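Please try each task before reading its solution.

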Amino acid sequence: MKLGDVFPNETVTTTQGEMKLHEYWADGWGIFFTHPADYTPVCTTELSMVQKMIPEFTKRNVKMIALSCNEVSDHAGWCEDIKAFGKLSEVSYPIIEDPGRDLAVKFGMLDPDEKDAAGLPLTARAVFIVGPDKKLKLSILYPATTGRNFDELLRVVDSLQLTAYKKVATPANWNKGGDCMVLPSVKGEEAATLFPQMRIENVPSGKEYMRFTPDPSA
C-alpha cells in the first residue's frame, strides 16, 4: 500500500463487535496499529500508553484501532492485564482479532526475522495514519522487538493536519507551535500575502529557498 492509496474498508471483528474501518473513523482521522500477539510485554506497554494518550488523540479528531493476531476472547483477558499494568479503568478503543494473520499478510506486516513459538513470522509493529478522505497519509513499520514512540505519532499527526490545510512544510524535529517552512510552490506576492512574517535564511548558493514562517495554526 502506497501513500495516497485509499485504505481498505475492511470488515473486522473487534473487542467492540464487528465494524467497517471507514465507518468507525467516520469523517475524522484514523490510526491503525498492529501487534505481534496478545500477552506480550512490549505490546502491553504500548496499548497501555495509547489508552493514557486517548485524550490527546481525541483532541486531534483521531480514533485509534489496534490489531493483534489472536481472537477477541484472548483480547478480553489481555485487556485486564493492560489495565492492571497501566493502572487504567478501561481500554476504550477496539482491538481487532486476526488469528489467521489474514490482515497481517494483506497489509505486509510480517517480520521475517522474529518468530513465534510455532516458528511463524511475528507481526511487525505497523502504524498507518489515515486522513478524513480515507487515504493513507503515513506508514511506519517497526520490528517486533522495538516499541513505538506515541509522542512521535502525535507530532506527526500535528504536522499532517497542519500541512493538509496550510501551504507549509514542517522542518526537522518540528513540534506544534514551532516555525514552519513555506512551500517552494508558493511564490512572490502570494508568499508575502499568506506569510507576512516570513523570513529567508541566507545560504552560500544565494538561492532564497530557506523560507520560514511562524506556525500558521498557532
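**Exercise 1.** How many disulfides does a search of the whole structure find?

*Solution.* The structure is a predicted model, and a search of the whole of it finds zero disulfides. Take cysteine 79 as a test case: its nearest cysteine sulfur, that of cysteine 43, is 12 Å away, whereas a disulfide requires two cysteine sulfur atoms within 2.5 Å, so cysteine 79 is in no disulfide.

**Exercise 2.** Decide whether cysteine 79 and cysteine 180 are buried or exposed.

*Solution.* The step needs one cut-off, namely that buried means under 20% relative accessible area. Cysteine 79 has a relative accessible area of 11% and is therefore buried, and cysteine 180, with a value of 0%, is buried as well.

**Exercise 3.** Which residue forms a salt bridge with glutamate 190, and where do the two partners lie?

*Solution.* Glutamate 190 pairs with lysine 167, the closest N and O atoms being 2.6 Å apart. Glutamate 190 lies in helix H6, while lysine 167 lies in the loop between helix H5 and strand E10, so the pair ties together parts that are 23 residues apart in sequence. Turning to accessibility, glutamate 190 is partly exposed at 33%, and lysine 167 is partly exposed at 41%.

**Exercise 4.** Which residues are linked in a network of salt bridges?

*Solution.* The count of salt bridges comes to 13. Glu56, Lys59, Arg60 and Asp158 are linked in a network of such bridges.

Conventions. Residues are numbered from 1 along each chain as its sequence is written. This is a predicted model: local features need pLDDT of at least 70, side-chain atom pairs count only at pLDDT 80 or more; totals for chains, interfaces and linings use all residues. Side-chain values use heavy atoms; hydrogens and water are left out. Buried means under 20% relative accessible area, exposed over 50%, partly exposed in between (1.4 Å probe, protein chains only). A salt bridge is a side-chain nitrogen of Lys or Arg within 4 Å of a carboxyl oxygen of Asp or Glu. Helices (H or I, at least four residues) and strands (E, at least two) are DSSP runs, numbered from the N terminus.
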